[in-house]
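Student: I am new to this structure. Please take me through one part of it closely.

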Protein chains: 2
Amino acid sequence: MSFRPPIKFCNQCGAAVKHAVPNDGDTRIRAICPACGVVHYQNPLNVVGCIPVLDDGRILLCKRNIEPRWGKWTLPAGFMELDETTSQGSARETDEEAGADIEMGRLFSVISVPRVGQVHLFYCARLRSETLNPGHETIEARFFEAKDIPWDELAFRTVSITLQRYLEDRASGTVQVHNIDLV
Amino acid sequence: MSFRPPIKFCNQCGAAVKHAVPNDGDTRIRAICPACGVVHYQNPLNVVGCIPVLDDGRILLCKRNIEPRWGKWTLPAGFMELDETTSQGSARETDEEAGADIEMGRLFSVISVPRVGQVHLFYCARLRSETLNPGHETIEARFFEAKDIPWDELAFRTVSITLQRYLEDRASGTVQVHNIDLV
């Protein structure tokens with residue numbers, strides 16, 4: 001979840017770039033290649049994940065085996081890739097990190113985190129079984145009852161906010177999509 | 001709205017990259033710098049926009065003065081930038097393309113377009129006045145009654161789907177967030 005370093009060289013021709021506002025009506029400083037003319041943009045990244053829940057209400061969390069936040073608990077989530085939709089990416093990450101058998105549900109939260117240039121999207125998901133097969137990015141995957149969620153040991157604010165809102169909505173029977181700005 | 005060209009050179013040190021699966025548990029081919037070791041990822045981009053509506057129900061559309069789809073009609077929208085939230089980006093694009101005075105509303109649609117590696121997010125927005133000041137990316141900005149929307153002259157499928165769903169929901173009084181995959 002780190003920010004991207006500034007662009008120093010053109011990824012199309014290898015020349016050193018200059019940083020200036022392009023002469024095309026743009027208003028922002030971009031990395032521009034003086035050799036081949038390509039303008040290089042840097043834009044926010046999407047992180048896609050889900051809230052995997054057993055029919056008895058317990059929620060699946062994964063203990064991170066990677067930085068940042070090694071050893072902290074998270075919902076399965078990761079960077080969205082090319083050639084997939086947001087829900088497909090969410091399913092892929094859940095498979096990679098937990099090996100869980102899920103039925104993907106509806107979009108639950110869309111959270112902007114401009115400080116790190118990210119948008120986090122979480123889906124509801126139903127766990128079809130308790131069988132798990134965590135990947136190399138996960139130390140341990142475990143089911144938590146709502147009262148046992150390790151709030152002080154969660155990896156990211158987007159995870160804690162999504163879990164809070166999920167439990168509130170579940171208690172009140174509310175169905176909504178949460179659009180939140182973490183500024 | 002075009003796809004990104006493959007990475008040929010490292011943007012950190014300028015060396016020619018190789019394309020291979022990194023030796024860190026990854027499963028995808030990435031551009032890897034053999035000189036400095038940096039792995040370069042390419043990920044989907046977000047396009048953020050809104051449905052600007054006057055209190056009398058007319059909808060603001062902009063005629064594009066840029067490629068792709070020059071001369072076609074669109075909702076105000078464009079690539080999300082760093083240092084902004086999805087709704088802030090939507091407001092910025094609406095200002096840049098139409099100079100419209102809006103009150104940003106709720107998230108309306110989240111549409112994955114994996115063919116071009118994009119996610120489009122549209123918000124509802126209330127136009128506070130009919131005053132417009134279109135920017136250089138817009139030939140003309142105009143208010144349309146629902147019956148006059150130029151369906152055959154819209155620039156993008158995400159725009160036509162968002163407008164269709166908006167008009168359906170308005171007719172039925174439904175309030176929902178539409179999560180759609182255009183695959």
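Student: Where does B:Asp83 lie in chain B?

Tutor: B:Asp83 sits in the loop between strand S7 (77-79) and helix H1 (86-98) of chain B. Helices (H or I, at least four residues) and strands (E, at least two) are DSSP runs, numbered from the N terminus.

Some ground rules come next. Residues are numbered from 1 along each chain as its sequence is written, and chains are lettered from A and ligands numbered from 1 in the order in which they are written. This is a predicted model, where local features need pLDDT of at least 70, side-chain atom pairs count only at pLDDT 80 or more, and totals for chains, interfaces and linings use all residues; side-chain values use heavy atoms, with hydrogens and water left out.

Now the confidence. pLDDT is the predictor's confidence in each residue, from 0 to 100. Chain A has a mean pLDDT of 96, and 98% of its residues reach 70 or more. For the complex, the predictor gives an ipTM of 0.96 and a pTM of 0.96. Where pLDDT is low, predicted coordinates should not be read in detail.

B:Asp83 is not a glycine, yet it has a positive phi of about 70 degrees. The residue is exposed, at 58% relative accessible area. Buried means under 20% relative accessible area, exposed over 50%, and partly exposed in between (1.4 Å probe, protein chains only). Chain A has its own Asp83, in the loop between strand S7 (77-79) and helix H1 (86-98) of chain A. A:Asp83 has a positive phi of about 70 degrees too. A:Asp83 is exposed, with a relative accessible area of 59%.

How do the two chains relate? Chain A superposes on chain B by a rotation of 180 degrees with 0.0 Å of shift along its axis, at an RMSD of 0.0 Å. The two copies are thus related as by a two-fold rotation axis. The same surface serves both, since 100% of the contact residues of chain A recur in chain B. Contact means heavy atoms within 4.5 Å.

The interface takes 44 residues from chain A and 44 residues from chain B. Between them the chains bury about 3700 Å², 53% of it on carbon and sulfur atoms. Buried area is the accessible area (1.4 Å probe) that two parts lose on being put together, summed over both.

What does B:Glu81 form with A:Arg28? B:Glu81 forms a salt bridge with A:Arg28, with the closest N and O atoms 3.9 Å apart. This pair crosses between chains, to A:Arg28 in the loop between strand S1 (18-20) and strand S2 (30-32) of chain A. A salt bridge is a side-chain nitrogen of Lys or Arg within 4 Å of a carboxyl oxygen of Asp or Glu. B:Glu81 is buried, at 9% relative accessibility. A:Arg28 is partly exposed, at 25%.

B:Glu81 has another partner. The side chains of A:Arg30 and B:Glu81 meet in a salt bridge at 2.5 Å, N to O. A:Arg30 is buried, with a relative accessible area of 6%. Across the interface the rule finds 5 salt bridges. Over all chains, the structure holds 29.

Next, helix H1, which spans residues 86-98 of chain B. B:Glu93 and B:Arg92 form a salt bridge, their closest N and O atoms 3.0 Å apart. B:Glu93 is buried, at 5%. B:Arg92 is buried as well, at 16%. Salt bridges that share partners also join A:Glu81, A:Glu84, A:Arg92, A:Glu93, A:Glu96, B:Asp26, B:Arg28 and B:Arg30 into one network.

The peptide bond joining B:Glu67 and B:Pro68 is cis, with omega about -5 degrees. B:Pro68 is in the loop between strand S5 (59-64) and strand S6 (73-74) of chain B.

Last, the record. UniProt, in an unreviewed entry, places the feature "domain: Nudix hydrolase" at residues 44-167 of chain A. Its positions are given in the numbering used here, feature names are shortened, and annotations may be inferred rather than shown by experiment. In the model, that span is 19% helix and 40% strand, and its end C-alpha atoms lie 28 Å apart.

Technical notes. Copies are superposed by least squares on the C-alpha atoms of residues with pLDDT of at least 70 in both.
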